[in-house]
Amino acid sequence: MSHTTSGTFNCLKAPQEDYGTLKNYVDGEWVEATTDRSLEVENPATGQIIGKVPLSSAADMEAAIKAADEAWWDWRATPPIVRARYMYRIKDLLERNFEEISRVATQEHGKHIDEARGETRRAIENVETAAGIPTMMMGYNLEDGAAKNIDEMAVRQPLGVFGHIAPFNFPGMVPYWFWPYAIATGNTFVLKPSEQTPITLQRTFEVLEDADLPPGVLNLVNGDRVAADAMLDSPLVKGVTFVGSTPVGKHIYARCGQTGKRCIAQAGAKNFLAVMPDAEIDRAMPNMMASFFGNSGQRCLAGANLVAVGDIYDELKEKFSAAASKLKVGPGLDESCQMGPVISAASVERIGGYIDGAVEQGARLILDGRDVEVPGYEGGHWVGPTILDACTPEMTHCQEEIFGPVASIIRVADLEEAIRITNASPFGNSASIYTQSGRVARTFQYKCQAGNIGVNLGIPAPMAYFPFAGQKDSFFGTMHGQGSDAVQFFTDTKVLIIRW
């Protein structure tokens, strides 16, 4: 049986914004890109154009990198406590413009406004954490550490220019896993937004001008692969951070390795949520809905494979399907809706292809989000909550990242089988379990090969003062984004051995 989430939604239309042609922010100035290539930026809920993003040339990227390099030494010599004060200014500016930044993110991405507010809050929390840099960056020492009257110490020092290549799905949060820590530790930074969602960062940089950072410390260059490759190839760039798909993450990690750059490449995911027979399903259901269908499934922590363990299967399938069918799909600025559109028409087509393929391989479609209709928003990119039953781990849609609101129900006999199929996945971003048993939970968290583990929650998103972890094909590098990992990534340890 298929079921549709379509209906007569009374979603209010939001005023249509036009942000014009975006600019780059280089050396403390807004400048036009030197390119004749550009892309139109859509509001995914309407399909209407809300801006145009230039696809900057390699020369544009090189100019920003040069500005960052020239600003580096003076910024590196700025005391950490002074750099921390800039973080407080930035936090205050983001707080004062919180709602506007959140609304811009909703307009260009499509996510529900509450999800955008949560995204902005997480960004601010990273700035707050980076403000603790005088403590986080401390080294250590030992008197007579080498021999009598020879002291030894280790200090952390910044390295120079770093860059970030951002994803489309969290334009107002993911870059904050990196750049606040980079500049707080004394580095300078060049940020390339996703060409699909560049407006949030454009507006944020306009707000941050009032922080009065020295010119060149923080720069923004719009563009596509041309600009990204220029960043990757520049000898002035000491390291690159990235969040996005696994194929691109592998490319960036390899390219950084060829030129000796540091790299954090946080990549794709296919997350498993195991539900044990003793799980409190009614209590967990809102959390499961957020995991599988929040952000329209366009997140690296999204639930993808719902693993029903033992005799919980019938009850779980019934309640999960009932809850999903009640989610109201519509434009993100309508507070009465729970789920917005996906990013583009291409995403709608790709997701639909995975659903068709799943059915061809023997999965049973019990909730079909392709039939969703939002009156008044016929130009939007709509895919409602979709549920596939009778799935097996080897099916394509259970193995590959769909990046859309599609849940696959897999039935297993016991905990060991749930762990086995989770670990068999090439990805290792997150895994969750719902249970009332501490023993079962500990076995799961101990044995599962994933970077972020959730117990009785389906979105195990680390707070800013913990690293955003990942394993296997979900992560390439050694240090992760956020917190102390980011501080280590953006600094190098120098050992001093001193005798007087």
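## The largest pocket

Helix α9 gives the largest share of the lining of the largest pocket, namely five residues, in what is a predicted model. Alongside α9 (246-259), the elements α8 (225-233), β10 (237-243) and α12 (345-360) each supply at least two residues of this lining.

The largest pocket holds about 880 Å³ of space and is lined by 38 residues, with F168, F242, G244, S245 and V248 lying nearest its centre. Sorted by class, its lining comprises 20 nonpolar, 10 polar and eight charged residues.

## The second largest pocket

For the second largest pocket the space is about 440 Å³, and of the 24 residues that line it, E115, F170, R299, I459 and A461 are the closest to its centre. Two or more lining residues come from each of α4 (113-130) and α10 (281-293), and α4 provides the largest share, five residues. The lining divides into 14 nonpolar, five polar and five charged residues.

Across the whole structure, a search finds 17 aromatic pairs. One of them joins Y25 and F205 edge-to-face, with 5.9 Å from centre to centre and 75° between the planes. Because Y25 belongs to strand β1 (residues 24-26) and F205 to helix α7 (residues 199-208), this pair ties together parts that are 180 residues apart in sequence. Both Y25 and F205 are buried.

The pair of Y176 and W179 is tilted, because the ring centres are 5.1 Å apart and the planes stand at 55°. Y176 counts as buried at 2% relative accessibility, and W179 counts as buried at 0%.

Elsewhere, F162, F189, F489 and F490 make up one aromatic cluster, while the charged end of R89 sits over the ring of Y86, 4.7 Å from the ring centre.

Conventions: Residues are numbered from 1 along each chain as its sequence is written. This is a predicted model: local features need pLDDT of at least 70, side-chain atom pairs count only at pLDDT 80 or more; totals for chains, interfaces and linings use all residues. Side-chain values use heavy atoms; hydrogens and water are left out. Rings of Phe, Tyr and Trp (its six-membered ring) pair if their centres lie within 6.5 Å; planes under 30 degrees apart count as stacked, over 60 as edge-to-face and the rest as tilted. Helices (H or I, at least four residues) and strands (E, at least two) are DSSP runs, numbered from the N terminus. Buried means under 20% relative accessible area, exposed over 50%, partly exposed in between (1.4 Å probe, protein chains only). A charge sits over a ring if NZ of Lys or CZ of Arg is within 6 Å of the ring centre and within 35 degrees of the ring normal. On a 1 Å grid over the protein atoms alone, a cavity is a set of points where a 1.4 Å probe fits but cannot get out, and a pocket is an open set with protein on both sides within 12 Å along at least five of seven lines; lining residues have an atom within 4 Å of a point. Grid points are joined across faces, edges and corners, and a volume is the space filled by probe spheres set on the points. Ala, Val, Leu, Ile, Met, Phe, Trp, Tyr, Cys and Pro count as nonpolar, Asp, Glu, Lys and Arg as charged, and the others, Gly among them, as polar.
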